[in-house]
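Work through the exercises below with the sequence and the structure at hand. Each task is followed by a stepwise solution.

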Amino acid sequence: MAKELMPLAAALKSMKRSNSGLTWIQQKHVTAFLRNLAVAPNISHEIFDGLPDSRTREYVRGLLTEHGVLPQRDELRMRYDSWAAEAIERVRDPQNREMIRRYIRWHHQRRMNHMDGVARGTFLRAKQEVTVAIGLLNWLSGHDIKLPELQQSHLDVWQAEGPTTRRIAERFLKRAIKTKAAPAGLTIVPHRRGTSPRLAKPGQDEALKRIIDDGLDTRDRAAAILILVFGQQAENIARLTWNDVSITEELVTIQLGTIQIALPDPLDKPWRELAANPRHDLTASHPNTTWVFRGASPGRHIHPGHLTTRLSKLFSTRAARLGTLHELTKLAPVAIIAETLGYSPTTIERHATDSAAAYAQYVAAAKAVRQNP
């Protein structure tokens, strides 16, 4: 065995549930992968990148990173770079290909370079924006239209022919105009805010009652409370660590924004149970992790998409979150909600405006009924 792999071997031997480690190693594809790795000239991320992409490759990479064999690195950033290199090749026109390359480099990758770590939302939005931009450029190529010759009528036809996600090309278009690659004055119909469905107050109350009363999975109950009561996004919940949580005999508090928020009984119970049984602590995957919601991959938190899927049997996480924010803006000033829950004041202000508009409509309707019984 390569000496670099010795820490991994020691970690597997010391697992609380060692038989699961043996079962994993004895799988043919895992055995073959580890044998090939053992004879590699050195163990590095570059060596891993050169191996065929597979779940086994990334799982072993995660294990080696967690046990200090490989250095930590931003995997989402690396995945984006790899994806972007392939995406550029999908652009048909060479001139447009260079335009997309510059857009990726100076808009998305430059922004990622200034982040401490690329969030899943940033990763997915960057992919989607580039994908839609490529779709626009290839549509233009298919109609023999060069980007400098683009007209508003062309944009209107392209946007009308496709899904609503085509509006996401707005950022690419603005950059193309700014760099004089496209004519000035062109616009894409923006997304209409406030049109997403919200879970109404009765639905929120019923979902919360189920979470408290039913024998659901502890992790699901703990996460659902943060969505239904505090309007938190699944991505932010997945990134919580035990450093954000304080549990004493008297009180459970969680820091979502800049303030510690207390969870009263019975909302605190799932969190106490989760602290006592944090999951994924019997294998070598999480030797020193502080993640509250540990994932199946070594050293990583639960995938937000997986968390959303698990909670979908109870409610739509997006509708529930928007419904909660809508209700909260009726109870407290925008600045306090934003600071407490970790949202930007602009986001909460938008929900407050929608909430006030809905209330005004209700008052007008009630007045009309009284006047015309």
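**Exercise 1: the sheet**

Identify the bridge partner of Val 252 in strand 3, then describe the sheet around it.

Step 1. Val 252 has Leu 263 as its bridge partner in strand 3. The model is a predicted one, in which local features need pLDDT of at least 70, side-chain atom pairs count only at pLDDT 80 or more, and totals for chains, interfaces and linings use all residues. Residues are numbered from 1 along each chain as its sequence is written, and side-chain values use heavy atoms, without hydrogens and water.

Step 2. Strand 2 (residues 252–255) and strand 3 run antiparallel and are joined by 4 bridges; two strands pair if DSSP finds at least two bridges between them. Strands (E, at least two residues) and helices (H or I, at least four) are DSSP runs, numbered from the N terminus.

Step 3. Helix 14 (residues 269–276) packs on the sheet and touches strand 1, strand 2 and strand 3, contact meaning heavy atoms within 4.5 Å. The direction of helix 14 makes about 90° with that of strand 1; axes are lines fitted to C-alpha atoms, for helices over the stretch in contact, and angles run from 0 to 180 degrees between N-to-C directions.

**Exercise 2: Thr 289**

Determine where Thr 289 is placed and whether Thr 289 is buried or exposed.

Step 1. Thr 289 belongs to the loop between helix 14 and helix 15 (304–311).

Step 2. Its relative accessible area is 15%, so Thr 289 is buried (under 20%; exposed is over 50%, partly exposed in between, with a 1.4 Å probe and protein chains only).

Step 3. A polar atom of the Thr 289 side chain lies 3.2 Å from the backbone nitrogen of Trp 291.

Terms used:
A polar contact is a pair of N or O atoms within 3.5 Å; within protein, one must be able to donate a hydrogen and the other to accept it, and residues adjacent in sequence count only if both atoms are side-chain atoms.
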